[in-house]
Amino acid sequence: MPIARFPFLLCLILAAPVQADIYKYVDENGQVTFTDVYKKGAQRIVLPGAPAPLPPAAKSPRRASYNPSPADFPRIDAGTQKRRDDVRRQVLQDEIAGERRNADEARRQLALGERLQPGERATDASYINRVTRLRASVQRHEQNVASIQRELANLK
């Protein structure tokens, strides 16, 4: 007999935390709608025997820029920060130089890839796929260069 009660108890346990607010909304035509989604002008319906409503959700957390650092938060002296910024600037300059070389190579490969091979037509799927892939490579390297330039511009 206890095994037969287990599914029933399981259903009760799983259904206990389920809760939804019910709202009554009357539109401009006088049509009454009951829903669990709040609409402007809707009235919340309180059902007898229903569990108490959940507390309102907390406000979304503030962005980090709004939270000042605590007074005892470790500070970095200006010289150390400048050295770190200089290292970062050098790394970004090395990266942009490499990306510019990669972009130049991708453009060269595109120019070679756009040439038709003997017996090939511009409407062939292999030609179109090759050129599309090479153009995407050029575009990707140009976007990388632009992104690194933005990072360099953001440095102090």
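This is a predicted model: local features need pLDDT of at least 70, side-chain atom pairs count only at pLDDT 80 or more; totals for chains, interfaces and linings use all residues.
Residues are numbered from 1 along each chain as its sequence is written, and side-chain values use heavy atoms, with hydrogens and water left out.

Q: Is H141 buried or exposed?
A: H141 sits in helix α3, residues 125–154; helices are DSSP runs of H or I with at least four residues, numbered from the N terminus. Buried means under 20% relative accessible area, exposed over 50%, and partly exposed in between, using a 1.4 Å probe and protein chains only. Since the relative accessibility of H141 is 14%, H141 counts as buried.

Q: With which side chain does the side chain of H141 make a polar contact?
A: A polar contact is a pair of N or O atoms within 3.5 Å; within protein, one must be able to donate a hydrogen and the other to accept it, and residues adjacent in sequence count only if both atoms are side-chain atoms. For H141 the distance is 2.8 Å, and the partner is the side chain of E99.

Q: How are α2 and α3 oriented to each other?
A: Helix α2 covers residues 78–113, and its angle with α3 is about 160°, with the axes 9 Å apart. Axes are lines fitted to C-alpha atoms, for helices over the stretch in contact, and angles run from 0 to 180 degrees between N-to-C directions. Angles under 35 degrees count as roughly parallel, over 145 as roughly antiparallel, 65 to 115 as roughly perpendicular and the rest as oblique. The two helices α2 and α3 are therefore roughly antiparallel.

Q: How far apart are the C-alpha atoms of A97 and V145?
A: A97 lies in helix α2. A97 and V145 are 48 residues apart along the chain, and their C-alpha atoms are separated by 8.6 Å.
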